[in-house]
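Student: I would like to learn how to read a protein model. Could you take me through one, feature by feature?

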Amino acid sequence: MLLLKAVYRVVVNNFLALAAVAVAAVLLRRPDELVARLRAVSPVHAVMAAVLAAGVARLLRARDVYLVEYGCFRPKPCYRAPFATCLEHAHLMPYLVDEESVAFAIRLLERSGLGDETCVPDAYHYMPPDRSLKASRDETELVIFSAVDDVFARSALTPADIDVLIVNCSIFTPTPVFADMVVNRYKLRAEVQNVNLSGMGCSAGLVSVGLAKNLLQVAPPGTNVLIVSTEILSSQYYVGTERAMLLPNCLFRMGAAAMILSNSPDHARFRLGRVVRTVTAARDSDYRCVFQEEDDKGITGIRLSKDLATTAGHALKSNIAAFGPLVLPASEQLLVAISFLKRKLKLLSGHAGKVRLYRPDFRTAFEHFCIHAGGRGVIDEVQHGLGLSDDDVEASRMTLHRFGNTSSSSVLYELAYLEAKGRMKKGDRVWMISFGAGFDCNSVAWECVKPAADADGPWVDCIHRYPVELPEIAKDV
C-alpha cells in the first residue's frame, strides 16, 4: 500500500515533466523534420518570441522575499511565575474574595499546558499588580529592545540598513507609538518608513509578514524590513472576578520577537512562500470571540469565548480552502477533487448518507508546523483538524510549556525550537499558523535556505530538557 502511494505521488506530482519527456521523445524520433521546421522560422520572429516570452515570465514571477534573520526575547529567571507563586498570589489578591474563584484560577493553570518557567513582567510580581503607564513602558523597552538587539547581533545588517519598520502590539498603544520608540533607540534613518499595527491580537505577527511581502515585492532591490512583534501585559492585568476574563491572566506571558525581511537573497535564511489571511469578522460570534470590554463592575479586560478553540477550527477550514491549492502537491489536490466529485454525484443521484471529503495530508507539502501556542485547546483543535501527529505539534506544545502564550511572537519561538533541536534542513518547508481577534486566521509558508549554525537563541539554556511529558487532563475538570 505504501509503495502504491509513493508511485501515485511520483506520477501525479511530476505529470507535466513526464508529458514533456514523452513529447520530446516523439519529436526526436524524426529530428530532420524538427530541424526543417525550426529553419523555416524567420530570425526576426524567433527573437521577438524569445523577448516576449522572457518579458511575460518576468511579469508573472513576483520578486522573492527572504527572512534574513530573527531573534527572540529570552527572559531572565527572576521573571519566572511558577505555579506555587501563582497560587500564593491568588490567595492574596484582594479581589479574589472566595475559594471558588481561587480554585477556578488554579484549575485554569493546571489545564493550560504551561510549565513552571514561564515569565511575567515585574508589574505582575507586585501585590496588587502595577498597571501604571510607567510599568508598561518599562516592559516594552525590555522585551522589544532585547529582541531587536538579538536580531542585529545574529545578522550582518545594522540599523542603518533598515528601510521599513513594522511594529505590532495588540492592546497597549502609547504616544509616541512603539515604532517611534524603536527609531529613537536605534537612530534609524530619517527616511525610514514605519508602521504601527494594533488591535489584531495574536495574528498580528503574520499579518506584518504579509504587509512586508507586499512592500518588498514592489520596492527597489536590497530593501530591508524590520518587523517587531510583542504583547505588553503590565497594564492589561484583569483585576475582576469574571471567569471568561480571567483566562488571559492565566495564559499570556511576556515575550517578543524581531525579524528582518529583504528582497535580496544575500545572507537569507528562509525564502517566503505563500501568505493567506482569512477574516471571519462578518459572523457576530467570531467577532466577539476575543473582545475587550468592561465587566458588570466597570473593570476592563479581555473576554475569551468558551468557543475559542471551535472558532479557530472553523477559521482554519476557511483558510485552508484558499491556502491548500497554493501549496499542496497535485497528488493531494486530485484526491480532494475526486472525493468532492463523488459527494456531488451521490447527492445528485438521491442516495442517502454523507460522503466524507478526503482530508489532504499537509505533511506532503511541509516538513515542519508552527501552530500559534494560544492554548492547549487551540493546538489540540488544529492537530485534530489537520490530522497531525504529536511529533508535528511538538514545537507548539513545548513553546506553550516553556514560554506560555507570547501572542504574535509565539511562532518564532517555535521556529527557534525546531532549529535548536537541529531538525531544520536546507530545503525544508515550514507552515506557520496564527489566530487573532477579529477573528483572523493566517497561514505563511517558508522554505529553509540556510539552517541556523547553532542553537544560541531563546532555548539555549533549556533545549536539552525538551521535549517534556505533559500531564493528562481529566475530561470532567
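Student: Which residues make a nonpolar surface patch, and of about what area?
Tutor: Start with the rule. Patches are made of residues with over 30% relative accessible area and no salt bridge; like charges are joined within 9 Å, and nonpolar side chains (Val, Leu, Ile, Met, Phe, Trp, Tyr) within 5 Å. Areas come from the Shrake-Rupley method with a 1.4 Å probe, and for residues only the protein chains shown count as cover. Here L341, L345 and L348 make a nonpolar patch of about 350 Å². L345 is found in helix α13 (residues 330–348).

Student: What should I know about the model itself?
Tutor: This is a predicted model: local features need pLDDT of at least 70, side-chain atom pairs count only at pLDDT 80 or more, and totals for chains, interfaces and linings use all residues. Residues are numbered from 1 along each chain as its sequence is written, and side-chain values use heavy atoms, with hydrogens and water left out.

Student: How do I read a helix, for instance α9?
Tutor: Helices (H or I, at least four residues) and strands (E, at least two) are DSSP runs, numbered from the N terminus. The expected span of a helix is 1.5 Å times one less than its number of residues. Helix α9 (residues 204–216) has 13 residues, so it should span 18 Å; its end C-alpha atoms are 18 Å apart, which agrees.

Student: How many residues of α9 are buried?
Tutor: Buried means under 20% relative accessible area, exposed over 50%, and partly exposed in between (1.4 Å probe, protein chains only). In α9, 10 of the 13 residues are buried, so the helix is largely enclosed by the rest of the structure. Among them are L206, V207, V209 and L216. K213 is also one of the buried residues.

Student: Which strands pair with β11?
Tutor: Two strands pair if DSSP finds at least two bridges between them. Strand β6 (residues 270–279) runs antiparallel to β11, joined by 8 bridges. Strand β10 (residues 429–436) also pairs with β11 in the antiparallel sense, over 8 bridges. Look at C441 in β11: its bridge partner is T278, and F435 stands opposite C441 too. The hairpin of β10 and β11 has 3 residues between the strands, and G438 takes a positive phi near 140° there.

Student: Is β11 (residues 440–448) mostly covered or mostly open?
Tutor: Mostly covered: 8 of its 9 residues are buried. D440 is found in this strand. D440 is buried, at 2% relative accessible area. Its side chain makes a polar contact with the side chain of R277 (2.7 Å). A polar contact is a pair of N or O atoms within 3.5 Å; within protein, one must be able to donate a hydrogen and the other to accept it, and residues adjacent in sequence count only if both atoms are side-chain atoms.

Student: How many salt bridges does the structure hold?
Tutor: Side chains of opposite charge can pair when their charged atoms come close. The cut-off: a side-chain nitrogen of Lys or Arg within 4 Å of a carboxyl oxygen of Asp or Glu. The structure holds 20 salt bridges. One of them joins the side chains of R154 and E69 (3.9 Å, N to O). R154 lies in helix α7 (residues 133–154) and E69 in strand β1 (residues 66–72), so the pair ties together parts that are 85 residues apart in sequence.

Student: Are R154 and E69 buried or partly exposed?
Tutor: R154 is partly exposed, at 26% relative accessibility. E69 is buried, at 7%.
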